[in-house]
Amino acid sequence: MTNASEMPRKLTILGSTGSIGSNTLDVVRQLGGRGQFEIVALTGAGNIALLAEQARQFGAELAVTAEDDNYEDLKSALAGTGIKTAAGKSGLEEAASMDAGWVMAAIAGTPGLAPTVTAAKRGADIALANKECLVSAGDVFVRTVKQGGGRLIPVDSEHSAIFQCLTGDHREAVERIILTASGGPFRTWSREEMTNVTADVARAHPNWSMGLKVSIGSASMFNKGLEMIEAKYLFDLRPDQVEVIVHPQSIVHSMVGYSDGSYIAQLGSPDMRTAISYALTYPERGQLNVERLDFAKLARLDFEAPDEARFPALRLARTALERGGLQGAALNAAEETAFHAFVDGAIGFLDMADIVETVMDRMDDGRSAGTIEDVFAADEEARRHAGELISTKEKAA
Ligand code: MG
C-alpha cells in the first residue's frame, strides 16, 4: 500500500495534545488545513479541553482519551458535534485501526508502542515521533512496518535530518552517521553539581521547546542514547556507525559521512515543525513559516566530544546496541521508570543511569526479540527490576 498520492491526506494523530501533536496540527494548518488533510482520529490523555477543541476545529471523526477516567468529560465536551469518542487502550486501538493513510505516532513513551504497531500492521505510513517503538522493539517493529507495506518516516529532528541527508544517495556508501546533541542544560556541569538537581532545573532546555520526558532526557543525555538506538534500527546501521557529537547551538540537526569523505548535514532553526512538515509531505516539501537561518548572525557553529563519564547514558546506549536482543527494551523501560521516579522526587538525577545499568545487567542473558509479545514481556520485567531498585534507593535516602 502506498499512500503518497492520497489527497487530501487522511491523517490520524496519536498523541495530538502534546508538544509534537500540537505542532503537527499547526503544520497541518500551515500546509493548507482541511483542504489538504482530512483528520481521521485524534488521541490525548488528560487535557480534555484541548483535545475537544482540536477535534472540533479539524473536524475529526473520532477523539480518544487514553485515560478511561476522562471518558465522560470528553463525551460531554463533544456532545452534539457528531464526533465519536472513545477511551483507554481499546480507544487507542480503534483510532489506530481507522482508515488513515498517514499516522503521526506522537504518544510519549511505551504506551505509544501498541497503537503504532496496529497502524503499521494495516499498512499506514508512519510518521514516527515515538522513539520507544524502535528503542524497545527494534527489528520487530521495523519488520512489522515492512510486512504491513507502509513507510516509516522519522520525526525526531536528528533522524529527520539523516533521512533528508540520505535522500538520493547510496546507502551502501554510508560510512557513519553523526547525531548532534545540544548537551542540554548540564553540558558544562560536573557530576557533583548534578547530584541534587530537581526536575524543574533539569527540564529547562537551552534551545528546544519539548515535552517533559524529552527535556529531562536531554539533561541526562538519555534522550540521545535512545536516539542512537533509534538510528541503528531506522537506518539499518552497525553499532560502530552511530556516533554522537555535542553541538550546543542545535543548528546542525545531524550529519551523514560517506565513503568518499563527503559529509552531508541538514541545518535549520531548532523548530520541530520542519521535521514534522517533512514527515507529512515527504517526498515533497511544504511551505512553512518557521524562522530562517541568518548565517552571518550565527557566525559560528561549535562541536565538542561527548563526555561519557559525566553522561553514562551514552555508554549504556552503546552497550545496548552491542548486546542487541532485548537490551533496548530493558534500557527503555528502566529509563522511563527511573524518569518518573526522578520527576516525583523519589530518586536523584544521577540515580537514573545507575538504575538503568543494573536493570540492563540483570537482563543480559542473550535473549532475542522474536515477537512484539517478547518485547512487552521484557518491558514489564525491566519495570519490575527498576521498581525494586527505586524502592531500595528510597529506603536508603
Ligand atoms: Mg531529537
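Author: Buried means under 20% relative accessible area, exposed means over 50%, and partly exposed is in between (1.4 Å probe, protein chains only). This is a predicted model, where local features need pLDDT of at least 70, side-chain atom pairs count only at pLDDT 80 or more, and totals for chains, interfaces and linings use all residues. Residues are numbered from 1 along each chain as its sequence is written, and side-chain values use heavy atoms, with hydrogens and water left out.

Reader: What makes α11 mostly covered?

Author: Of the 13 residues in α11, 13 are buried. Helices here are DSSP runs of H or I with at least four residues, and strands are runs of E with at least two, numbered from the N terminus.

Reader: How do you know what span to expect for helix α11?

Author: The expected span is 1.5 Å times one less than the number of residues. Helix α11 (residues 222–234) reaches 18 Å from first C-alpha to last, close to the expected 18 Å. Just after α11, Asp-236 has a positive phi of about 55°.

Reader: Why is Ser-218 called buried?

Author: Its relative accessible area is 10%, and the label needs under 20%, so Ser-218 counts as buried. Ser-218 sits in helix α10 (residues 212–220). Its contacts (heavy atoms within 4.5 Å) include His-205 and Asn-223.

Reader: And why is Leu-267 called partly exposed?

Author: Leu-267 has 34% relative accessibility, so it counts as partly exposed. Leu-267 belongs to strand β11 (residues 263–267).

Conventions
Lists of a residue's contacts leave out its neighbours within four places in sequence.
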